[in-house]
Amino acid sequence: MSSNNSRTTARISLPAIRHNLDVVRRLCPGAKISGVVKADGYGHGTLHVFKAIGEIVNSFAVATLDEAVSLRRLGFDGEIWVFSGILLDDEVSAFRENRLTPVVHNTHQLKLARSETYDLPIILKIDAGMGRLGFKPDDAEQILLALNSSDSHVMLMGHFSNADVKDSYVTNQELSSFLSVKGGQRCERSIAASAGILSKVGSNLSWVRPGLLLYGVSPFRDCIGQDHGLVPAMTLQSSLIAIRQFKVGDPIGYGGEWICPESMPVGIVGCGYGDGYPRMISRGSCVEVCGEKAPIIGRISMDSMAIDLRGIKKVQLGDSVVMWGQEIPIETVARHASTIPNELLARIPQRVNRIADWQSF
Ligand SMILES: *Cc1c(COP(=O)(O)O)cnc(C)c1O
């Protein structure tokens with residue numbers, strides 16, 4: 001057992017990320033792709049995503065200025081979109097120095113982005129129905145009119161509120177509302193994220209902005225990435241740090257909630273909620289060990305969890321255990337934890353090492 005594996009690690013397949021980008025390209029040929037790497041590349045490590053596809057994406061998108069500056073420092077030379085835009089007056093210089101493209105949500109941000117000799121492109125955010133950030137379509141028209149005489153570097157961006165529900169009329173309404181902005185046809189436009197790309201709503205505009213898809217994850221509740229031809233980029237793995245024999249009636253873990261129904265072997269895995277595994281997980285959820293599924297038993301601890309080893313043959317101390325990856329879809333784990341894969345990925349803490357894997361799958 002290598003010391004690398006004894007604790008929880010996230011193995012990141014760079015070929016999987018490249019493959020997933022290819023899938024996106026095939027789904028929307030002609031569209032340029034802005035790879036979304038906010039929240040440290042959805043927990044995969046921005047560096048790994050940059051290494052995998054930095055030379056083949058048309059731009060990257062992040063949520064915050066700090067994320068953008070880190071990405072620039074990694075050596076990415078292309079366009080970087082910053083979703084939250086310029087929030088403070090004194091951030092303008094950082095945007096200029098790092099050649100960042102701010103998304104603009106309101107008139108104050110617009111003023112900042114057009115102050116002094118600021119000549120970087122901007123992205124006008126349109127609120128097409130999400131009710132979060134952006135200009136109403138009518139207001140955007142006025143702004144475009146005012147800008148157009150002096151400025152050609154303006155893109156329009158919208159975001160669907162309900163695209164993860166297939167065939168939602170809300171999504172079509174939001175698309176029409178986005179496309180209704182007068183003068184918008186002259187600009188580059190972008191509205192589709194992963195769900196829009198898969199359902200081909202708004203994915204024929206100049207740009208698409210996939211996050212989840214790059215990581216091999218499905219945005220739809222009843223699907224997994226493999227259903228769309230994607231490959232999961234992350235394998236969250238740990239190892240068996242103990243194998244113990246218990247007797248009938250023995251309680252396992254905090255609260256003694258799980259009682260051994262017979263004499264049986266129990267494995268302790270070196271991964272807990274302190275490693276990003278959800279503590280609130282429904283009974284019957286499994287991990288993979290020795291190519292088999294083993295049910296989790298008892299409560300998840302901060303640094304470990306217990307698994308039922310009955311039926312797992314030839315299992316040994318130190319054996320690798322997979323919490324999610326190819327065989328255990330993260331979509332399933334998320335459903336069992338009443339959440340979405342995005343949240344699980346964004347919550348993987350620092351202490352979990354992200355290791356790049358160059359082997360093809
Ligand atoms: C997070 C985000 C995306 C990517 O969404 P996915 O569903 O992961 O593809 C795209 N656009 C905006 C504005 C976002 O905040």
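# Rings, cysteines and cavities

Q: Which ring does Lys166 lie over?
A: Lys166 lies over the face of Phe220, 4.9 Å from the ring centre. A charge counts as over a ring if NZ of Lys or CZ of Arg is within 6 Å of the ring centre and within 35 degrees of the ring normal.

Q: What sort of model is this?
A: This is a predicted model: local features need pLDDT of at least 70, side-chain atom pairs count only at pLDDT 80 or more, and totals for chains, interfaces and linings use all residues. Residues are numbered from 1 along each chain as its sequence is written, and side-chain values use heavy atoms, with hydrogens and water left out.

Q: OK, rings. How many aromatic pairs are there?
A: The whole structure has 5 aromatic pairs. Rings of Phe, Tyr and Trp (its six-membered ring) pair if their centres lie within 6.5 Å; planes under 30 degrees apart count as stacked, over 60 as edge-to-face and the rest as tilted. One of the pairs is Tyr42 with Tyr215, which is stacked at 4.8 Å centre to centre with 25° between the planes.

Q: And where do Tyr42 and Tyr215 sit in the chain?
A: Tyr42 is in helix H3 (residues 38–42), and Tyr215 is in the loop between strand E9 (207–208) and strand E10 (234–246), 173 residues apart. Helices (H or I, at least four residues) and strands (E, at least two) are DSSP runs, numbered from the N terminus.

Q: Are Tyr42 and Tyr215 buried or exposed?
A: Both Tyr42 and Tyr215 are buried. Buried means under 20% relative accessible area, exposed over 50%, partly exposed in between (1.4 Å probe, protein chains only).

Q: Which rings form a cluster?
A: Phe50, Phe60 and Phe76 are linked into a cluster by ring pairs.

Q: New topic. How many disulfides?
A: The search finds 0 disulfides in the whole structure, a disulfide being a pair of cysteine sulfur atoms within 2.5 Å. For Cys28, the nearest cysteine sulfur is that of Cys223, 17 Å away.

Q: Is Cys28 buried or exposed?
A: Cys28 has 3% relative accessibility, so Cys28 counts as buried. Cys223 counts as buried too, at 11%.

Q: Which residues are closest to the centre of the largest cavity?
A: Of the 14 lining residues, the closest are Tyr215, Val217, Pro232, Met234 and Ile330.

How values were computed:
1 Å grid on protein atoms, 1.4 Å probe; cavity = no way out; pocket = protein on both sides within 12 Å on 5 of 7 lines; lining within 4 Å.
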